Amino acid sequence: MKKTVASLKEGFTSLRTGRASASLFDKIRVDYYGEKSPLNQVANISVPEARLIVIQPWDKNLIAEIEKAIRSSELSLNPSNDGKVIRIAIPPLTEERRKELVKIAKNQTEQSRVAVRNIRRDGNEELKKLLKDASITEDDESRDSADLQKLTDSYITRVNQVLEEKEKEILEN
């Protein structure tokens, strides 16, 4: 269940909000001498201003490849370079785009809730199997099942809190 919450948080890093963040580029891969390498392993990514990202490749020959990878990504960003560094201005999001991003976040959250419930179901099946094998008593099964439900409820609450934080971040100007 912890992994599900962590996975949701990681998935949210790729959702672009109105402000610049180096984590936007975590999933971008650059063709580096025939190998697909993560962008953060072939360049330094910095955020000098709230709406500006500067990418400085360690190998100047990579500038064109990095630009190509960013343009072909789903981030809808337009990089520009001066031969040494790539600058990306983060445009403010339209209200329509913000609502679309919130919808995407809610879908990801629902998938996480389903994953947590599936873990609960697997746990309950395991408890029933142990009861059937006489490894535990009915009282133990009942108590453990209730504990599992409490744990599930707490993780569903955590998932909802992560969504609320992301939703707030997306909707603020």
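Predicted model: local features only at pLDDT ≥ 70, side-chain atom pairs only at ≥ 80, totals over all residues.
**Entry 1: strand β4**

I began with strand β4 and found that five of its six residues are buried, so β4 is largely enclosed by the rest of the structure.

Next I looked up what β4 pairs with. Strand β4 covers residues 52–57 and pairs with β3 in the antiparallel sense, over five bridges. Then I went looking for facing residues. Asn 44 stands opposite Gln 56 in β4, and Ser 46 stands opposite Val 54 in β4.

I also followed β4 to strand β6, residues 86–89; the two run antiparallel and are joined by four bridges. Val 54 turns up again here, standing opposite Arg 87 in β6.

**Entry 2: the whole sheet**

In what order do the strands of the open sheet lie? I wrote it down as β3-β4-β6-β5, four strands with antiparallel pairing. Which strands stand at the edges? They are β3 (43–49) and β5 (80–81); each has a single partner strand, so one side of each is left without a neighbour in the sheet. A general point I jotted beside this: strands of a sheet pair through backbone hydrogen bonds, either parallel or antiparallel.

**Entry 3: the β1–β2 hairpin**

Tyr 32 stands opposite Glu 35 in β2. Two residues lie between β1 and β2, which form a hairpin.

I then stopped at Tyr 33, whose place is in the loop between β1 and β2. Its phi is near 50 degrees, a positive value in a residue other than glycine. I noted this because most residues other than glycine have a negative phi. Is Tyr 33 buried or exposed? Tyr 33 counts as exposed, at 65% relative accessibility, because the cut-off for exposed is over 50%.

**Entry 4: another positive phi**

Ala 134 gave me a second case to write down. Its phi is near 65 degrees, again a positive value in a residue other than glycine. I found Ala 134 in the loop between α3 and α4. Ala 134 is exposed, with a relative accessible area of 64%.

**Entry 5: helices α1 and α3**

I turned to the helices. Helix α1 spans residues 2–13 and helix α3 spans residues 95–132; they pack at an angle of about 165 degrees, with their axes 10 Å apart. Angles over 145 degrees count as roughly antiparallel, and α1 and α3 are therefore roughly antiparallel to each other. I noted their crossing as right-handed.

Which residues make the contact? On the α1 side I listed Thr 4, Leu 8, Gly 11 and Phe 12. On the α3 side I listed Ala 105, Gln 108, Thr 109, Ser 112, Ala 115, Val 116 and Ile 119. By class, this contact of α1 with α3 has six nonpolar and five polar residues, and no charged ones.

**Entry 6: helices α3 and α4**

Helix α4 covers residues 138–171. The axes of α3 and α4 come within 10 Å and cross at roughly 170 degrees, and the two helices are therefore roughly antiparallel to each other. How many charged residues does this contact have? I noted ten, together with 13 nonpolar and eight polar residues.

Asn 124 is found in helix α3. Asn 124 is buried, with a relative accessible area of 17%, because buried means under 20%. Leaving aside neighbours within four places in sequence, Asn 124 is in contact with Ser 145 and Leu 148.

My other pick was Glu 167, which lies in helix α4. Glu 167 counts as partly exposed, at 22% relative accessibility. With neighbours within four places in sequence left aside, Glu 167 is in contact with Val 102 and Lys 106. I also looked up Lys 99: Lys 99 and Glu 167 are 68 residues apart along the chain, and their C-alpha atoms are separated by 9.3 Å.

Technical notes
Residues numbered from 1 in each chain as written. Heavy atoms only, no water. Pairing = 2+ DSSP bridges. Axes fitted to C-alpha atoms, helices over the stretch in contact; angles between N-to-C directions. Parallel < 35°, antiparallel > 145°, perpendicular 65-115°, else oblique. Left-handed = near helix turned anticlockwise from the far one by under 90°. Contact = heavy atoms within 4.5 Å. Nonpolar A, V, L, I, M, F, W, Y, C, P; charged D, E, K, R; others polar. Buried < 20%, exposed > 50% of the residue type's maximum accessible area, 1.4 Å probe, protein only.
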